[in-house]
Amino acid sequence: MPTLPPIEPRMPRRSEREEMLDGKLYRSGDPELNALLERSADLCTKYNALPRGASAERQAVLDELVPNHGEHLDVMGPVFFDYGCHTTIGDRVFMNFNFTCLDCVPVTIGDDVLFGPNVSLLPPMHPIRWQDRNVRKSEDGSYYDYEYGRPITIGSNCWFGGNVTVLGGVTIGDGCVIGAGAVVTKDIPANSVAVGNPAHVIRQITDADAAALQDYAQ
């Protein structure tokens, strides 16, 4: 049985947001973080309630929710961001239904990336021991826990099938295809096809995959 006492963050420390973005242990329930979470949740709710044809209104909400995005961001909705402001998105990115991004640390998405339905980008991490992980009660009666995050980086020209999950600490290179249902736990090199749980590379993408050579183009 573990004998070490529950973790307490080192002192002195920066703001909880600074600690969080740096991948260090941070205290959930911090007022600044709560305000950002509530803002993002409200914007997601607003976006998800708008009809698909309300293009101008939807774009205005996206500009607030994810200010660091490029041209022609197309989000079907519903969409769910923890913060939004910690995610950077390139040009011509498409997100199908139920895109989820828990961006407690930086999430970077390149240009021309396609996300199928129910894709989740999950940087948050929790301590392995329950003694360090469980919710605690503060002196003022509020509850909190300690968490940390690992960034996610996705290169340009990638395609994610439906129900893909990408865990924190992963980098996916340019030009990859991630098969439906994959759980990506480790880095994927550029121009790879990866499938499975955990995701593994099954082959490289070459000129033999050119659309002009496929039966669907004949």
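Which residue caps the N-terminal end of H2? And could you walk me through the rest of that helix from there?

Analyst: Happy to! Keep in mind that this is a predicted model. The cap on the N-terminal end of H2 is Asp30, which has a side-chain oxygen 3.2 Å from the backbone nitrogen of Glu32.

From there, H2 runs over residues 31–49, a stretch of 19 residues. Its first and last C-alpha atoms are 27 Å apart, close to the 27 Å expected at 1.5 Å a residue.

Now for its two sides. Leu33, Leu36, Ser40, Leu43, Cys44 and Tyr47 are the buried residues of H2. Looking down the helix axis, these buried residues fall within an arc of 105°, so they line one face of H2. On the other side of the helix, Pro31, Glu38, Asp42, Thr45 and Ala49 are exposed, each with a relative accessible area over 50%.

What lies over the buried face?

Across residues 17–71 the chain is 64% helix and 4% strand, with 28 Å between the end C-alpha atoms.

Terms used. Residues are numbered from 1 along each chain as its sequence is written. This is a predicted model: local features need pLDDT of at least 70, side-chain atom pairs count only at pLDDT 80 or more; totals for chains, interfaces and linings use all residues. Side-chain values use heavy atoms; hydrogens and water are left out. Helices (H or I, at least four residues) and strands (E, at least two) are DSSP runs, numbered from the N terminus. The expected span of a helix is 1.5 Å times one less than its number of residues. Buried means under 20% relative accessible area, exposed over 50%, partly exposed in between (1.4 Å probe, protein chains only). The arc is that of the directions from the helix axis to the C-beta atoms. A polar contact is a pair of N or O atoms within 3.5 Å; within protein, one must be able to donate a hydrogen and the other to accept it, and residues adjacent in sequence count only if both atoms are side-chain atoms.
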